[in-house]
Amino acid sequence: MQKSIVSIVLGFIIGVSGSEISFEFFDANSAAYFPVSGLSSAVITNNGLVVSFSVNTGTMNRVGSYGFGITSGVTGNSTSAIDPGESLLAIFDHDVEITALDFRQFTAGEVFNVIFDSADHLITRDDLTQKVSAIYSGIHWFIAAGTAVEFTVIPGSSISLDGFTVTVVPEPEVTGLTALALAAGIFATRRLRRRQI
Ligand SMILES: [Ca+2]
Ligand SMILES: [Ca+2]
């Protein structure tokens with residue numbers, strides 16, 4: 001009885017923290033697929049995490065078998081990729097860490113740019129951790145709640161972004177409460193054991 005109450009309290013306090021949350025815009029068979037094609041903005045709730053997506057020009061666009069990007073009036077626009085002058089913006093309602101990015105149509109010489117906290121984070125094809133599937137992982141990029149992260153490319157590049165993965169960073173006061181709940185759980189278990197002796 002006491003143990004189950006502690007489990008419920010712990011589960012409630014931990015909430016959206018911890019596990020990886022994926023956003024997929026290309027693979028329609030993926031469990032994390034969100035259809036946003038044709039929209040200039042979209043608010044998505046995924047495992048308790050609320051994300052506001054928007055584009056600076058045109059609309060988000062998925063082209064089957066090619067990729068996901070932005071289609072707009074920029075010079076040399078590819079309908080299935082992010083081109084120079086096009087940006088996808090994301091704002092999260094919790095502190096998160098970006099842990100992986102999944103690309104397509106990423107060829108040698110091209111450079112993707114993720115901008116946050118007024119700093120560029122440039123990715124070349126050589127930087128990709130899995131070249132065939134064009135995945136960039138092994139990162140822990142902290143994005144504070146309410147601040148914008150911008151997905152874009154540098155001139156001469158045209159790259160599709162299939163999706164990305166984040167983990168939610170626990171808030172300090174939540175961590176404190178979790179420790180308190182854990183301590184209460186240990187105390188309850190000890191009392192239970194002592195009674196059984
Ligand atoms: Ca484009
Ligand atoms: Ca390309």
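This report walks through the strands, the core and the confidence of the model.

What you have is a predicted model, where local features need pLDDT of at least 70, side-chain atom pairs count only at pLDDT 80 or more, and totals for chains, interfaces and linings use all residues. Residues are numbered from 1 along each chain as its sequence is written, while chains are lettered from A and ligands numbered from 1 in the order in which they are written.

Confidence comes as pLDDT, the predictor's own score for each residue, from 0 to 100. The chain has a mean pLDDT of 89, and 81% of its residues reach 70 or more. Take care with residues 6-13, where pLDDT stays under 50. The model has 11 contacts for that stretch beyond four places in sequence; a contact means C-beta atoms, placed from the backbone, within 7 Å.

The chain has 2 helices and 12 strands, which are DSSP runs numbered from the N terminus (H or I, at least four residues, for helices; E, at least two, for strands). Along the sequence the pattern reads α-β-β-β-β-β-β-β-β-β-β-β-β-α.

Now for the sheet. Six strands form an open sheet in the order S2-S3-S6-S11-S8-S9, with antiparallel pairing; to pair, two strands need at least two DSSP bridges between them. Strand S2 (41-46) and strand S9 (119-124) are the edges, each pairing on one side only. Neighbouring strands here are turned by 20° against each other on average, direction ignored, going by axes fitted to C-alpha atoms, with angles from 0 to 180 degrees between N-to-C directions.

Here are some antiparallel pairs and their bridges:

| Strand | Partner | Bridges |
|---|---|---|
| S3 (residues 49-55) | S6 (residues 88-92) | 5 bridges |
| S7 (residues 96-104) | S10 (residues 135-143) | 6 bridges |
| S7 | S12 (residues 160-168) | 8 bridges |

Down at residue level, Val51 stands opposite Phe92 in S6. Leu101 has Tyr136 as its bridge partner in S10 and stands opposite Phe164 in S12.

On to the inside. Of the 197 residues, 27% count as buried, meaning 20 or more other C-beta atoms within 10 Å of their own. The largest nonpolar core has 35 residues; such a core is a set of buried Ala, Val, Leu, Ile, Met, Phe, Trp, Tyr and Cys residues joined through C-beta atoms within 7 Å. Among those with the most contacts inside it are Ile82, Leu88 and Phe103. Leu88 touches Phe53, Val55, Ile70, Ile82, Phe151 and Leu161, leaving out residues up to four places away in sequence.

Finally, of the chain's contacts with a separation of 6 or more, 67% join residues 24 or more positions apart.

Key:
Two residues are in contact if their C-beta atoms, placed from the backbone, lie within 7 Å. A residue is buried if 20 or more other C-beta atoms lie within 10 Å of its own, exposed if 12 or fewer, and partly exposed in between; C-beta atoms are placed from the backbone.
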